[in-house]
Amino acid sequence: MARYGKVSRPSVRTERRLPRGDECSASSGSMAAPELFEEPFHADDYVERLAWRCPGGGIKEGADHFDPKRLLEEFTCHIQELKLLDDRIQRKVEKLEQSCQREAREYARHVEELLKSNQVAFKHFQELDDHISNVATKVCHLGDQLEGVNAPRQRAVEAQSLMKYFNEFLKGSISSEVFSNRNKIQDAADIIQKLHLIAQELPFERFSGVKGRIASKYHDMEHQLIKEFTSAQKRGDIARMREMAAVMLHFKGYSHCVDVYIEQCQEGKFLFGDPFEEAVLLCQHVSRQVGEVFMSPENVMARLVQSIYETKLKGYVHERLEESQKNDVEQYLCRFHELYSRTLTLSKHLADLNIGTDHHAYLAKLTKAAFLSYLENYIDMEIDHLRNRSSLILQRFYESKNHQKRPIAIGSIQDLKERIRQRTNLPLSPVVETHGETFLSQDVVVSLLQESKMAFERCQKLSDQSDLPRNAVRIFNIVVEYLCSEHMDYALELGLLAIPSPDSRNTSLYFLDVVHQANTIFHLFDKQFSDHLMPLISSSSKMTGCLQKKKEVIEQMEFKLATGIDRTLNCMVGQMKQILNAEQRKTDFRPEDEGRVINQYTTACAKVCTYVRHQVERVRRSMDGKNVEAVLTELGLRFHRLIFEHLQQFVYSSNGGMLAICDLNEYRKSADDFQIPLVVQLFDSLHALCNLLVVAPDNLKQMCSGEQLTALDRNVLHAFVQLRVDYKSTRLGRHFS
């Protein structure tokens, strides 16, 4: 209760202190004021407000005036008041609950009465429905009886009327008003149509005259109906057009009426604008109107589309293509592709209109018919044009290089020469000087592939689905012939002939540049194969053959690239061997003056390392992926073999052995540039072998048992030890006996 003194003072009015006897009731009246029950209700706050309002219940008048007894009395009185209030509220709740129960019983009784009333009404409804059904059945039966009686009578009346009109035609005197009154043209047309059917059944010998007069009137009536239809169409009178079309539906000239309507719709169209756009707009407009005029609008729309394709579009196509077919084949093919593509687009727009059920096949048939004379010889012109363009591109390229293509030996003779050269390392063909030219051009390749790409796109649009794979393969064969054979294969053959022999002093090695460009061309060729050829042949039997041919072409190119790389590596090793032979002296490793200062490395070593680093960089620039690792591994192995054999040509003094180790350190640095673990390991082992040249005789055996040399053949170790100048004097051979 101590926390009551800390409550902030609420804004309530101060009340007058009452006498003790009336305290409880008066205090209770004041304490139960409505503001004490404000929402939201919190019990703690409620008690604090009571304590604050009670005189002596807080510290508002000072701590000395706090009266706990008075506060207890106030709380006791207030609790009594709350109990009384709770009793009153409880009685009120019970009274309301009784009222709700009474109303619920009354509502349930009322609902029960309504259900009974609804059942009675439903029963009456069923009785009424049965009665209506009986009456309707009787009415229908009576109507059938009346119709059965009236139909023969009506037919008799019509027959009598037709006999009357037939008699007029038989006499040759047509006097009925229905045939002369323009407002009754529909009735006249109905009569003539029926008389014409009757006349068809009459024998010609007896009724030739009347049949002729009826036929003449029949054709005259057709002419009048069509004339009236045309006049209404010009006026835009849809209702009159619909009436005339409905009458003409039973005449033989109904198709002529449709033709007149189609011709009238196209009047003033297709004169100057784009026929494809005008065709779409015209068909959309007619499609909205034709359903209000004709009974079968889809047939009329189909006739309109047929007329547009066979007359307007076919004439436009002929006009555009004939002028370029003989003069400019490339322009002809481009125009042909453009016009055919636009026609397909037009067909796609018209397919959304109501032109029949099988509209896709119908439009495809019309499209083929419009281009039939040009589609028949399309692929032959495409192949001839692609062949001529490819030949011209290559011819211009070689002319820009001032190069005359030379015949390259192929077949068994060339294979025999290659096998002999590999076995004997003899140049069987003269070396061709290309002056660093690879005779491969990415621009030429892009031009060739661009021509073939456009040919594939045209082939996809202009070829029939059954002929598409075969036509695509013919285009692919042209690509293989000119890109792979005439350009790439020729460049590879020249590149092979330009590689000098290993003992040549010609240091120009350009075949790696050929390899670099060939890799780029391979990627472009493969991309076109996947992007443009495969979609055209993927679902046909031609795919297997194309994949096999592509594989053969690539394998042939890879074989020549591998051959050229092998010969290039031989030349690199030959160049290194020439450097070593020219720069390395025997006195380098067995100097006459053992007291002179040892150089860091020999001149031959420096030049070879410089050469090797340059060639490693060229290999990295020229190749990619696993090819770099494979070629550098092979070059590193040959480099190691060369140094290994070269070191065994000399006799080493103590200082000479140290110089050899210095050279090996430089060779190891060059080997690190390869970034091939096997090459680095081989040069580490060779470095360990060179240590045998300088190790003290007493430590030789221990050195041979070291970690790096224990895996080597004892004969190799012995051969290196024999290179020491003190081999015999110190009897080092005993360690290997």
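## Overall picture

Contact here means heavy atoms within 4.5 Å of each other. With that in hand, take the contacts in the protein chain whose separation is 6 or more: 75% of them come from residues 24 or more positions apart. Keep in mind that we're looking at a predicted model.

The secondary structure is quick to describe, with 24 helices and zero strands in the protein chain. As for burial, 40% of the 737 residues in the protein chain are buried.

## The annotated coiled coil

UniProt has an unreviewed entry for this one, and its annotation "coiled-coil region" covers residues 79–113. What does the model show for residues 79–113? The span is 100% helix and 0% strand. From one end to the other, the C-alpha atoms of this span lie 51 Å apart.

## How α4 and α5 pack

Next up is a helix pair: α4 takes in residues 185–201, and α5 takes in residues 204–235. The two pack at an angle of about 145°, and their axes are 9 Å apart. Which hand does the crossing of α4 and α5 have? It's left-handed.

On the α4 side, the contact is made by Ile185, Ala188, Ala189, Ile192, Gln193, Leu195, His196, Ala199 and Gln200. Facing them from α5 are Lys211, Ile214, Ala215, Lys217, Tyr218, Met221, Gln224 and Leu225. Sorted by type, the residues of this contact come out as eleven nonpolar, four polar and two charged.

Ala279 belongs to helix α8, which runs over residues 275–293. Is Ala279 buried or exposed? Its relative accessibility is 0%, so Ala279 counts as buried, the limit for that label being under 20%. Setting aside neighbours within four places in sequence, Ala279 touches Phe270, Ile308 and Leu346. Take Leu346 from that list: 67 residues separate it from Ala279 along the chain, yet their C-alpha atoms are 8.0 Å apart.

Leu313 sits in helix α9, residues 297–325. Leu313 counts as buried too, because its relative accessibility is 2%. Beyond the neighbours within four places in sequence, the contacts of Leu313 are Pro275, Phe276, Ile308 and Leu346. Ile308 and Leu346 therefore turn up in the contacts of Ala279 and again in those of Leu313.

How accessible is Asn570? Its relative accessibility is 24%, so Asn570 counts as partly exposed; buried would need a value under 20%. Its contacts, leaving out neighbours within four places in sequence, are Pro502 and Arg638. Asn570 and Ile499 are 71 residues apart in sequence, and their C-alpha atoms are 9.9 Å apart in space.

Arg470 is in helix α16, which covers residues 468–498. With a relative accessibility of 41%, Arg470 counts as partly exposed. Between Arg470 and Lys542 there are 72 residues of separation along the chain and 7.2 Å from C-alpha to C-alpha.

## Positive phi in two loops

A couple of backbone angles deserve a look. Asn402 isn't a glycine, but its phi is positive, at about 55°. You'll find Asn402 in the loop between α13 (378–400) and α14 (412–424). At 74% relative accessibility, Asn402 is exposed.

Gln675 is another case, with a positive phi near 60° in a residue other than glycine. This one lies in the loop between α21 (654–674) and α22 (677–691). Gln675 has a relative accessibility of 60% and so counts as exposed, the cut-off for that being over 50%.

## Cysteines

How many disulfides are there? The count is zero, where a disulfide would need a pair of cysteine sulfur atoms within 2.5 Å.

Technical notes. Residues numbered from 1 in each chain as written. Predicted model: local features only at pLDDT ≥ 70, side-chain atom pairs only at ≥ 80, totals over all residues. Heavy atoms only, no water. UniProt positions renumbered as here; feature names shortened; annotations may be inferred. Helix = DSSP H or I, 4+ residues; strand = E, 2+ residues; numbered from the N terminus. Axes fitted to C-alpha atoms, helices over the stretch in contact; angles between N-to-C directions. Left-handed = near helix turned anticlockwise from the far one by under 90°. Nonpolar A, V, L, I, M, F, W, Y, C, P; charged D, E, K, R; others polar. Buried < 20%, exposed > 50% of the residue type's maximum accessible area, 1.4 Å probe, protein only.
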